[in-house]
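These are my notebook entries on one structure. I set down what I looked up, in the order in which I looked.

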2 protein chains.
Amino acid sequence: MKNDAITRQGDDFAKWYTDVCLKAELMDYSSVKGFIIYRPYGYAIWENIQNYMDKKFKETGHTNVYMPMLIPESLLNKEKDHVEGFAPECAVVTKGGLNELEDPCVIRPTSETLFCEHYAKIVKSYRDLPKLYNQWCSVVRWEKTTRPFLRGSEFLWQEGHTVHATRDEAVEETLRMLDIYKKTCANLLAIPMVTGIKTEKEKFAGAESTYTIETLMKDGKALQSGTSHYFGQGFAKAFDMKFLDKDNTQKYVYQTSWGVSTRLLGAIIMVHGDDNGLVMPPRVAPIQVRIIPIRQNENKVLESAYEIKEMLSKAGIRVDIDDSDKSPGYKFSEAEVRGIPVRIEVGPKDIENGVCVAVKRNDNQKITIKLDKNLPEIINGLLNIIHNEMYEKAQEYLDEHTTRVTTYDEFKDKLETVGGFIEAPWCGRTDCELKIKEDTTATSRCITDKEPEHGEKCICCGEEARHIVKFAKSY
Amino acid sequence: MKNDAITRQGDDFAKWYTDVCLKAELMDYSSVKGFIIYRPYGYAIWENIQNYMDKKFKETGHTNVYMPMLIPESLLNKEKDHVEGFAPECAVVTKGGLNELEDPCVIRPTSETLFCEHYAKIVKSYRDLPKLYNQWCSVVRWEKTTRPFLRGSEFLWQEGHTVHATRDEAVEETLRMLDIYKKTCANLLAIPMVTGIKTEKEKFAGAESTYTIETLMKDGKALQSGTSHYFGQGFAKAFDMKFLDKDNTQKYVYQTSWGVSTRLLGAIIMVHGDDNGLVMPPRVAPIQVRIIPIRQNENKVLESAYEIKEMLSKAGIRVDIDDSDKSPGYKFSEAEVRGIPVRIEVGPKDIENGVCVAVKRNDNQKITIKLDKNLPEIINGLLNIIHNEMYEKAQEYLDEHTTRVTTYDEFKDKLETVGGFIEAPWCGRTDCELKIKEDTTATSRCITDKEPEHGEKCICCGEEARHIVKFAKSY
């Protein structure tokens, strides 16, 4: 059954996206432009992401803290690159309790400066290192054009901020957290990704190097889905974060920060969704199984449905039941638009035969399953199969939409005809990135670890290539 | 061993309090006045409270959402009592992305107006009711005088907002959530409390009735620790929240809201703490057991300590080990100031004898325990005993500091000599509350369910008493 209310992906992908956001009840608009409401179904996805990641953070020695929401402008101004990057998009509080503030504050667009100030105060000795802090919160960046989950004036995220005694330790931390982000995408969200380092132009304001996770949406555009920054000692010098090392000399700390946000919800929608709505990866799905009783007023149907629910629920499966007075067709459609991985239909005939019918959301396959004590195991197996199928399908799409080119003409052609990531040799200069962006709207997503062929030239300027870079149109 | 850095409670209770906040590393000050940093140890307590309560909220059918951080001033102004209550303490954002805002926004001091606007949009029919939403977030209220956890310009909290088809359902919800708050205080925090309804003067801005949980600190002052509000249809009318009922007529919804905040950390500190620092109730303690090896460089001491840690950790006990090169005395003192419920000492002689020594933080009692497979069960039992002892001790204090009076002279005398709650007959008029506050600084904390004796008079004006009210000096 088609959900007529959703625009088809092929007709207008952007419209399809916002239709799904609204119809699946992930979010709603508020009366402040660019600020969205995370509705229960959307917020539950974020909670599942939080639970998964928070556990990984704690297993790797991190603790959560909470820093103030407001940053005095004078504090934000301490690191030059950083303030240049963020000041233009800040929300500024100028009045507090009816009085004008002497030092106006911005609502945190990110919290580096607050962590730096705190670390400068509490880190004295090598014994105090490393400090491995993380914070779950929302941040505000005043955006002109906004889109649910992808670009908003307020979004939810985690921001990790760590300081270390040595460069090696800090670099190791940067990569460790990148690895946790990769695992979250692959193992929780069934989303394959490419990773690499950002160019000078694209790196974080104040970072020495930025590692990124880039995922590919079904319209061929890339989405930056997580970043991990190595700061070196830039902030340490600006904020005087020093410690007394074992050799009895004062040294500056080495620093990292890393974050993912509710953008991941956008990635889930656009990597897996189809014309009928959301397709939820099972491990992060708020509801993994929905039971829909057929002719529920007949003998034993509802009773049987509740028994199934009880059985699955006890096995740790997130299951609900739609026993409303809506028609089965309407119920199917609702389960579909919300992307619930498995729906179980059970009617009078099924009960007679001692079976139920499971329908997989990702490919609509129907499976008849015996109603006995093995049901939870079979459903759990099915959820794993769905996860793997969704991951593989997305990986295939990513592979098919990654093209290696050697000339600018080929670059432009593939970008328009195939889309996705175009791997191209690049000289290393920002000028060429800017020209490519102006000509094609594509930006460099990350520097790959591939080496240019001997004698290969930058597609833009023709000078010797230093890197192979993944370019793409992006969100 | 005394911790010399902490002011004694008897010398200066307020100074003792901030000493404990800082020395136990619960929080630190930031460069924005009134905005504190929740350090790992303090934030971990809040996380444990969140986990406990969030589970209870979900078990009772609530789901989490996230509303925007900013509220347009025009939206806040919609409910008259509400805006009068909150506007004077709002932080106002007047600039966003370098531009002046046409409709300035306040950072949420509480989110009733946002929930109302959303509910007005999504609730159409009796089928859509009830809506049982909760949100974990921080709110900003610009305060002139601030104190860590007790009164801050920003604090962390949860705010539940529900709408219902009938008055009865909404009242039931108000009391259900009050009951969850009571259980949280008693079963998680080992804090006894009194509950009741607020007077007109003290109720929430916009509420029809406010139920409160009041706890008693060791200096004899009360702390409002949680509130649950029944709104009736006040906001519903201001925000046009209507639904089509079963009888095919449009009706206004009935509404509740309820919240607890990081104030609970203040309650933990001031109900249980002593001259040596924090005394953590075991069930909410981030670290329940700390193992301190004695002469740890000697044969097998560290090894044995780690075996104990492993054993306790496997049994679900939150345990750590201090194997730093500090002296045992210093380690004891650190465990003490942080209020870790049990410290386990293990040295060469203990190992020879196949035992370890557990020391209870709440009464310093030492218990020698055999090192065998029963250790985790014994420690778990000990943690429960500590919880009960702490609760009973606090209940005794509460009982000893609750006095029933009949005259104003007696009231003033008991308030100064005994402190705590003074139960007094009251006529029901705000004028008398105001006069009592002016005369004594005590405020009405809640109306009890006790009836005045026949012919009993208001302590203030001498007119006939309508209620017995608990008065107290308070935070």
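**Entry 1: a residue and its surroundings**

I began with A:V342, which touches A:Q288, A:V289, A:A358, A:V359, A:K360, A:R361, A:I379, A:L382 and A:L383, leaving aside residues up to four places away in sequence. Two residues are in contact if their C-beta atoms, placed from the backbone, lie within 7 Å. I note that this is a predicted model, in which local features need pLDDT of at least 70 and side-chain atom pairs count only at pLDDT 80 or more, while totals for chains, interfaces and linings use all residues. Residues are numbered from 1 along each chain as its sequence is written, and chains are lettered from A and ligands numbered from 1 in the order in which they are written.

**Entry 2: the sheet**

I then traced an open sheet of 5 strands in chain A, with the order β16-β15-β17-β18-β19 and mixed pairing. Strands here are DSSP runs of E of at least two residues, and helices are runs of H or I of at least four, numbered from the N terminus. Two strands pair if DSSP finds at least two bridges between them. The edge strands are β16 (319-321) and β19 (366-370) of chain A, each of which pairs on one side only. From one strand to the next, the twist averages 25 degrees; angles run from 0 to 180 degrees between N-to-C directions, and axes are lines fitted to C-alpha atoms, for helices over the stretch in contact.

I found β18 (residues 355-360) of chain A joined to β19(A) by 5 bridges, and the two run antiparallel. In β19(A), A:K366 stands opposite A:V359. Helix α12 (residues 375-400) of chain A packs on the sheet and touches β15, β17, β18 and β19 of chain A, its direction making about 15 degrees with that of β18(A).

**Entry 3: the two chains**

Next I looked up the contact between the chains: 41 residues of chain B are in contact with 41 residues of chain A. Which element gives the largest share of the side of chain B that touches chain A? That share, 6 residues, comes from β5(B). This side divides into 25 nonpolar, 9 polar and 7 charged residues. Ala, Val, Leu, Ile, Met, Phe, Trp, Tyr, Cys and Pro count as nonpolar, Asp, Glu, Lys and Arg as charged, and the others, Gly among them, as polar.

I also saw that strand β5 (residues 91-96) of chain A pairs with β5(B) in the antiparallel sense over 5 bridges. There, A:V92 has B:K95 in β5(B) as its bridge partner.
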